[in-house]
Number of protein chains: 2
Amino acid sequence: MNDRGELASWLRLTLIPGIGNAARRALLNNCGLPQAIFDSSLPTLSAIIDPTLAERLLRHECRAEIEAALDWAGQPGNHLLTLADADYPQSLLSSDDPPLLLYAKGNTAVLNRPMLAVVGSRNATAQGLRDAEAFARALGEAGLTVVSGLALGIDAAAHRGALATLAGTVAVIGTGADRLYPARNETLAHEIADKGAVLSEFPLGTPALGANFPRRNRIIAGLGLGCLVVEAALRSGSLITARLAAESGREAFAIPGSIHSPLSRGCHQLIRQGAKLVESAADILEELRWGTHPAAAGDDDSSGTSTGEEERVLAVLGNTPCPLDTLAARSGLTPAALLAMLLPMELAGRVAQLPGGLYQRLH
Amino acid sequence: MNDRGELASWLRLTLIPGIGNAARRALLNNCGLPQAIFDSSLPTLSAIIDPTLAERLLRHECRAEIEAALDWAGQPGNHLLTLADADYPQSLLSSDDPPLLLYAKGNTAVLNRPMLAVVGSRNATAQGLRDAEAFARALGEAGLTVVSGLALGIDAAAHRGALATLAGTVAVIGTGADRLYPARNETLAHEIADKGAVLSEFPLGTPALGANFPRRNRIIAGLGLGCLVVEAALRSGSLITARLAAESGREAFAIPGSIHSPLSRGCHQLIRQGAKLVESAADILEELRWGTHPAAAGDDDSSGTSTGEEERVLAVLGNTPCPLDTLAARSGLTPAALLAMLLPMELAGRVAQLPGGLYQRLH
């Protein structure tokens with residue numbers, strides 16, 4: 001855990017308006033922890049980022065917002081997770097643009113369990129809702145935590161299906177963690193926080209803004225070993241989530257449907273673009289090689305013996321930190337299958353994930 | 001046209017029982033036309049095929065069956081097409097194991113039109129039947145002749161849809177051409193012979209034998225530029241047809257459906273194995289680049305000017321006969337797209353197809 005001062009610096013870094021994540025990360029890479037950034041001189045910072053931004057960074061102290069966030073985090077079940085926290089979801093580190101700070105409600109331990117994203121249309125068909133719930137329940141029963149976006153329709157059905165299992169569920173929202181949206185899902189959000197977690201990267205009080213939802217989708221995509229789209233229209237947010245997942249080396253999955261259903265069009269487009277067509281949760285588990293490593297037994301302690309496949313991954317990992325793509329090329333496994341294996345290996349202390357998505361073998 | 005004696009020799013070659021097509025083709029390759037085979041000595045033939053088969057070949061004259069077949073061919077609308085006939089479907093030459101002789105009822109000119117295979121389950125759903133008919137009609141309206149197997153269900157619906165268009169339809173049957181099976185489709189068979197053709201490679205009188213249907217399927221696959229599966233269960237004949245099509249360089253297409261419908265399982269399996277998921281006939285036409293060459297205008301005379309793509313194919317074809325795969329590698333076009341372009345180019349006299357699936361540029 002960060003101490004209060006360090007956490008305040010993380011908050012300040014993320015709360016200063018008008019600075020993008022790329023600039024923030026450049027500062028962290030150059031200065032180290034956030035407090036070191038704010039202890040730097042204007043000329044030092046101006047050598048790293050635009051001088052106007054550097055000036056703004058040193059001027060804005062954001063005291064009131066920082067106090068409010070620290071107060072919020074002091075309430076039971078509320079958490080602030082920085083990129084440097086052990087509870088920060090390690091899977092995000094191998095995704096594009098991991099958030100520097102996450103606001104979490106609920107059980108943060110769930111965030112480092114193996115997850116699968118399940119997303120889809122707000123205006124789903126009755127069959128789509130049933131499928132979302134059934135797939136999520138089956139994935140949960142197999143030990144995968146379902147991550148989705150708390151939207152009406154497919155998202156809510158997926159959360160509900162997963163809530164019926166021990167694996168729990170994670171909702172990533174596009175508003176501040178103190179503002180649950182949509183209001184109709186507020187009860188569901190509280191159930192999720194009880195058995196899993198509700199996550200947001202947006203400052204407290206952030207209302208529902210259209211522009212924030214695609215940013216939220218990248219977190220859903222980054223948390224999952226893969227992304228299942230249950231029903232989606234063409235040009236919908238769910239397709240963006242699946243594309244982001246595929247771009248980060250995750251597997252995209254889609255459920256086909258009638259050619260006469262507009263809500264199957266998006267899934268069909270994904271399949272044409274390379275997403276795996278799935279008819280059952282078992283198809284997903286098979287593609288991820290889920291069941292070939294200890295965590296699949298539903299035991300996320302997974303300190304058991306390593307499997308033959310794990311030995312193979314350890315062998316190709318060698319002793320130099322190595323990105324996922326290189327591991328995939330060396331092992332012949334897909335990035336999604338590797339992620340599914342590396343997570344329990346991390347939990348078992350056999351490998352560590354380093355910033356920048358590098359994996360290192362531990363001896 | 002063959003004269004009667006030559007045709008009798010072709011019939012004799014195909015009617016002698018217990019000799020496979022591979023042996024027959026070896027004989028043709030070595031001796032030339034069938035009459036030359038029967039004029040050869042036993043030692044000569046024994047050097048080409050198994051001596052027992054060679055002995056049987058010279059002993060069996062099959063006079064009664066040959067007479068019956070020639071009588072049948074003398075009736076209006078009936079035809080015997082040998083591998084050497086101009087009306088023999090040229091598309092079969094680039095497929096595996098082209099039949100040496102075809103029995104045809106109807107209009108043989110249709111056999112050298114660009115075709116698409118449309119196949120599927122005998123026990124189709126009501127929606128599947130409507131889809132088969134609608135896709136076949138749209139393909140026919142675009143100038144593609146639909147080829148199918150005259151079975152109940154999807155096949156019959158596809159034939160019906162195609163019959164509503166000028167492009168007509170071809171039924172390839174697994175019984176003798178004088179025995180229409182199933183009996184319930186006899187009226188349909190007569191309509192098909194009126195506006196297209198009914199084809200069989202089996203001797204007259206051949207009853208419905210399970211073993212013959214997979215052989216029949218290879219002809220359906222070979223005739224089409226591609227093969228569309230509308231609805232099919234796992235482990236069904238339609239999947240074999242699609243696989244044979246893909247193995248001969250044709251494109252396989254499949255219509256997705258509900259994951260809860262057993263008759264979509266086969267289509268989903270095909271899509272996973274690389275078949276194109278299609279939602280409309282337009283998807284098929286696009287994949288085949290149909291519409292980029294003259295025949296797509298519904299004018300199968302197609303003596304018009306060549307397109308830019310045709311010029312490109314002619315350029316890569318050069319002056320030496322060349323197999324389809326090589327042409328595909330040189331042009332960057334898929335074999336299916338090439339077949340769709342080469343057919344009208346053949347009809348326009350710009351290229352010729354030689355035995356063995358080689359293409360030659362004509363000047």
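**Entry 1: a strand in chain B.** Which residue in strand 9 of chain B does F253(B) stand opposite? I looked it up, bearing in mind that this is a predicted model. The residue is K276(B). Strand 8 of chain B and strand 9 of chain B (residues 276–277) run parallel, joined by two bridges.

I then turned to the other neighbour. Strand 8 of chain B also pairs with strand 7 of chain B (residues 226–229), in the parallel sense and over four bridges. There I found L228(B) as the bridge partner of F253(B). Between these two strands the chain passes through helix 11 of chain B (residues 237–247), and this β-α-β crossover is right-handed.

I checked the next step along the chain as well. Strand 8, helix 12 (residues 262–272) and strand 9 of chain B make a right-handed β-α-β unit too.

**Entry 2: the faces of that strand.** Are the residues of strand 8 of chain B buried or exposed? In a regular strand, side chains alternate between the two faces of the sheet. I noted E251(B) and F253(B) on one side of strand 8 (residues 251–254), with A252(B) and A254(B) on the other. All four are buried, and both faces are covered.

**Entry 3: the sheet in chain A.** Here I traced an open sheet of nine strands with mixed pairing, in the order 1-2-6-5-4-3-7-8-9. Its edge strands are strand 1 (78–82) and strand 9 (276–277) of chain A, each pairing on one side only. Strand 1 of chain A runs antiparallel to strand 2 of chain A (residues 101–106), with five bridges joining them. L80(A) has Y103(A) as its bridge partner in strand 2 of chain A.

Next I looked at helices packing on this sheet. Helix 8 of chain A (residues 154–163) touches strand 3 (115–119), strand 4 (145–148) and strand 5 (169–172) of chain A, and its direction makes about 155° with that of strand 5. Helix 9 of chain A (residues 186–195) touches strands 2, 5 and 6 (197–200) of chain A, at about 105° to the direction of strand 6.

**Entry 4: where the chains meet.** I found 18 residues from chain B and 18 residues from chain A in the contact. The two chains bury about 1,400 Å² between them, 55% of it on carbon and sulfur atoms. On the chain B side, I259(B), R272(B) and E279(B) lose the most area, together 45% of what that side buries.

How many salt bridges link chain B and chain A? I count six. R272(B) forms one with E279(A), where the closest N and O atoms are 3.7 Å apart.

Methods
Residues numbered from 1 in each chain as written. Chains lettered and ligands numbered in written order. Predicted model: local features only at pLDDT ≥ 70, side-chain atom pairs only at ≥ 80, totals over all residues. Heavy atoms only, no water. Buried < 20%, exposed > 50% of the residue type's maximum accessible area, 1.4 Å probe, protein only. Pairing = 2+ DSSP bridges. Right-handed = clockwise from strand over helix to strand, strands pointing away. Contact = heavy atoms within 4.5 Å. Axes fitted to C-alpha atoms, helices over the stretch in contact; angles between N-to-C directions. Buried area = accessible area lost by both parts, 1.4 Å probe. Salt bridge = Lys/Arg side-chain N within 4 Å of Asp/Glu carboxyl O.
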